[in-house]
Amino acid sequence: DNCSFQAMEKEITAAFGKGHADEIMSSIFKLKVTREDIHTLRNQSWLNDQIVNFYMCLVMERSKKEGYPAVHAFSTFFYPKLSSGGYRAVARWTKHVDIFKYDIILVPVHQKMHWTLVVMDFRENTVKHFDSMGQKGDKICRTLLKYLQEESCDKRNMRMDLSEWTIHSMGAPEIPQQQNGNDCGVFICKYADYVSQDKMMYFTQDDMPYFRKKMVWEILHKKLI
């Protein structure tokens, strides 16, 4: 309703307003988001690791509810560590997590100033690369599929039959695409949002300013709407 929409707008404007850059605006799961981080959600700005990681945590939280697929999301720092140091560099990341108990694993990937998302789906044995600029990500998918195999050997003493798995780069026209040079971070957050609900993606570039504002509210209130 109108009243609450105005209250939301007011809150978002205040969060985008002046204040100490390092003022903590929201914190959850050992993650802190500062005013400076929130400001990366302004139109035309590039999202930073803090915002992406916080949002992925909100997606994981929601997935604990009845009726949602079980989702685990890795931090944005996972993929660079894996690709530079191999399995050993990240073996301890899942000390308290059995990733094979989940339906979906999300891996945000940041390369050369561009965000993409990898979705590993245990229900259909697929590794999909979601790129809002439609570039191929088969190599990234292969790296992550190899990670799954090594994780399975290490944690379950089980070899995974990779011939049962497929990799696929998602781009136009399968998924919404960006029309500018700065919304890739918002796109991967929305891909994660929709994938984690098994929802069709009908959004477009035009929805990005609204999605940015909505993400500010969701981060401040630590819940997805």
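In this predicted model, helix α4 (residues 78-90) packs against helix α5 (residues 138-156) at an angle of about 35°. Their axes lie 11 Å apart. The crossing of α4 past α5 is left-handed.

The contact draws on both helices. From α4 come F78, Y79, L82, Y87, R88 and V90. They meet I140, T143, L144, Y147, E150, E151, D154 and K155 in α5. By type, the residues of this contact split into eight nonpolar, one polar and five charged.

How enclosed is strand β4 (residues 104-111)? Six of its eight residues are buried, so the rest of the structure largely encloses β4.

Strand β4 pairs with both β3 and β5. The table sets out the two pairings.

| Strand pair | Sense | Bridges | A bridge partner pair |
|---|---|---|---|
| β3 (residues 71-73) and β4 | parallel | three bridges | V71 and I104 |
| β4 and β5 (residues 114-121) | antiparallel | eight bridges | P108 and L117 |

On the β5 side, P108 is bridged to L117 of β5.

The β4 and β5 strands form a hairpin. Two residues stand between them. In the turn, K112 has a positive phi of about 45°.

Taken together, β4 pairs in the parallel sense with β3 and in the antiparallel sense with β5.

Methods
Residues are numbered from 1 along each chain as its sequence is written. This is a predicted model: local features need pLDDT of at least 70, side-chain atom pairs count only at pLDDT 80 or more; totals for chains, interfaces and linings use all residues. Side-chain values use heavy atoms; hydrogens and water are left out. Buried means under 20% relative accessible area, exposed over 50%, partly exposed in between (1.4 Å probe, protein chains only). Helices (H or I, at least four residues) and strands (E, at least two) are DSSP runs, numbered from the N terminus. Two strands pair if DSSP finds at least two bridges between them. A crossover is right-handed if, with the strands pointing away from the viewer, the path from the first strand over the helix to the second runs clockwise. Axes are lines fitted to C-alpha atoms, for helices over the stretch in contact, and angles run from 0 to 180 degrees between N-to-C directions. A crossing is left-handed if the near helix is turned anticlockwise from the far one by less than a right angle, and right-handed if clockwise. Contact means heavy atoms within 4.5 Å. Ala, Val, Leu, Ile, Met, Phe, Trp, Tyr, Cys and Pro count as nonpolar, Asp, Glu, Lys and Arg as charged, and the others, Gly among them, as polar.
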